[in-house]
Amino acid sequence: MALRTVSALKRRLGGAGLGLLRSGQISSAAGRSGAGRARAGRGRGVAWTRPRLGEEQLGPTCPVGPTWESVSRPSSTDRKCLGRAGNFLPCAAQHRLEKTPSYIDYPATARRSFSNHRVIVDMDQSLGVATIKIKNPPVNSLSLELLTEFLIGWEKLENDKSCKGVILTSNYPKIFSAGLDILEMCGKNAAHYTEYWKAVQELWLKLYMSNMVVIAAINGSSPAGGCLLALTSDYRVMADNPKYTIGLNETLLGIVAPFWFKDNLVNTIGNRASEQALQLGLLFSPAEALKIGLVDQLVPEDKVQSTALSVMSQWLKIPDHARQLTKTMMRKPTADLLLKQREADIDNFVRFISRDGIQKSLHMYLKALKERKE
Ligand SMILES: CCCCC/C=C\C/C=C\CCC/C=C/C(=O)SCCNC(=O)CCNC(=O)[C@H](O)C(C)(C)COP(=O)(O)OP(=O)(O)OC[C@H]1O[C@@H](n2cnc3c(N)ncnc32)[C@H](O)[C@@H]1OP(=O)(O)O
């Protein structure tokens, strides 16, 4: 039976020790957290208590680098907040986490793959790098089922302490992702839109705030939500094919990119370029995207994956805790804006997408897509 919702999958997987998705909660939003691992441990009957983020955990000096304390000394409010968000832990806590048994028992091989219908995950354990290939034919649209399966695969990687980096790519060269599935936003009811938007928020928060290095290997067109997916990564390698496009083209569909799509774009290409790109719904060629910093590197199609891997190895040379703290410092204010108003954002989306005029626009856009082929 097709699994329709995140909650359905949560229920189904709860018994398998994977029931870690907690849509709507801050702790679920931010990567490989202490909380996540603690819950994973409990799922396997491992007696282990999540470290509290108190003063005692700010000592002693970390043997592999500066302590959290010496990087920056957050206020107690910050600490609570960071702890809840699970973005990072001070060194002492990190070290305790390292000793926590992983609930995933790997065979002694260097590679391990798992896949469900729409996501293939290939983990190279010798490198500590996983590749996630999206395979939702025909165009990798981000349907609720894909988002749900993606979230489950992501959670598995977050809970696998050997996984340090993830490469995001498409199983179908030519299309990275067609973005949000328009059919999920058309002709459905408010409950469905709510469920869908929660899953979109959840995926963005998890990817954007992940402590793992995330690199997008963009091997095809990447409009709207597809571009957003790429924007969550730390580095974007794109195939140098002028037929491909990338950008947040929501206005062309008669809809509006939510503020957190906008914020992610502004953080990447700056305010002025975003203003034009968003209002005009610009879809950029790879060369244009490189020029404005929407992507970081162009390579021939057949070099996208290998380049992503070699960039990954550079990023993984940086001491993990320092890189993670820096990433958190850069991104947390943006993620917090959504975390603080998740419910309101869902209400806005549901109200907006349910409007007759918006439904009409989406139907017309779908019709135009079909007619383009004829
Ligand atoms: C102040 C108030 C503010 C309030 C704001 C509050 C909330 C905000 C509200 C809404 C926010 C929503 C944000 C939305 C984000 C999105 O991502 S919307 C999706 C945008 N995506 C696109 O525009 C891409 C459209 N697709 C294409 O351009 C092309 O399909 C392609 C990806 C370039 C691939 O081209 P090609 O290989 O030629 O394939 P086809 O065009 O023939 O497509 C094959 C079939 O797939 C269907 N399809 C394509 N894209 C989608 C999609 N995104 N969703 C669902 N279906 C899609 C297409 O219709 C074809 O179907 P048929 O085979 O004809 O049945």
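Two strands pair if DSSP finds at least two bridges between them, and that is the rule I kept beside me for these entries.

**Ground rules**

I am looking at a predicted model, where local features need pLDDT of at least 70, side-chain atom pairs count only at pLDDT 80 or more, and totals for chains, interfaces and linings use all residues. Residues are numbered from 1 along each chain as its sequence is written, and side-chain values use heavy atoms, with hydrogens and water left out.

**Entry 1: the whole chain**

I began with the elements: helices (H or I, at least four residues) and strands (E, at least two) are DSSP runs, numbered from the N terminus. The protein chain has 15 helices and ten strands. Of its 374 residues, 54% are buried (buried is under 20% relative accessible area, exposed over 50%, partly exposed in between, with a 1.4 Å probe and protein chains only). I also looked up contacts, meaning heavy atoms within 4.5 Å. Among those with a separation of 6 or more in the protein chain, 74% join residues 24 or more positions apart.

**Entry 2: the seven-stranded sheet**

I traced this open sheet in the order E1-E2-E3-E4-E6-E8-E10 and noted mixed pairing. Strands E1 (111-115) and E10 (297-299) are at the edges; each has a single partner strand, so one side of each lacks a neighbour in the sheet. From one strand to the next, the twist averages 20° (axes are lines fitted to C-alpha atoms, for helices over the stretch in contact, and angles run from 0 to 180 degrees between N-to-C directions).

I found Phe114 with Val121 of E2 as its bridge partner.

Helix H6 (residues 144-158) lies across E1, E2, E3 (129-134), E4 (165-170) and E6 (213-218), at about 175° to E3. Helix H12 (residues 304-315) packs on the sheet too, touching E3, E4, E6, E8 (235-239) and E10, and its direction makes about 160° with that of E6.

**Entry 3: strand E6**

How many of the six residues of E6 are buried? I counted six of the six, so E6 is largely enclosed by the rest of the structure. Val213, Ile215 and Ala217 are buried on one side, and Val214, Ala216 and Ile218 on the other. E4 and E6 run parallel, joined by four bridges, with Leu168 partnered by Ala216 in E6. Four bridges also link E6 to E8, again in the parallel sense, and there Ile215 stands opposite Tyr235.

**Entry 4: the three-stranded sheet**

I then turned to an open sheet with the order E5-E7-E9 and parallel pairing. Its edges are E5 (174-175) and E9 (246-247), each with a single partner strand, so one side of each has no neighbour in the sheet. E7 (residues 220-223) joins E9 through two bridges, and Pro223 has Gly247 of E9 as its bridge partner.

**Entry 5: H7 against H13**

Last, I checked helix H7 (residues 190-208) and helix H13 (residues 320-339), whose axes come within 10 Å and cross at roughly 165°. That makes H7 roughly antiparallel to H13 (under 35 degrees is roughly parallel, over 145 roughly antiparallel, 65 to 115 roughly perpendicular, the rest oblique). On the H7 side, Gln201, Trp204, Leu205 and Tyr208 make the contact; among the H13 residues are Lys327, Arg331 and Thr334.
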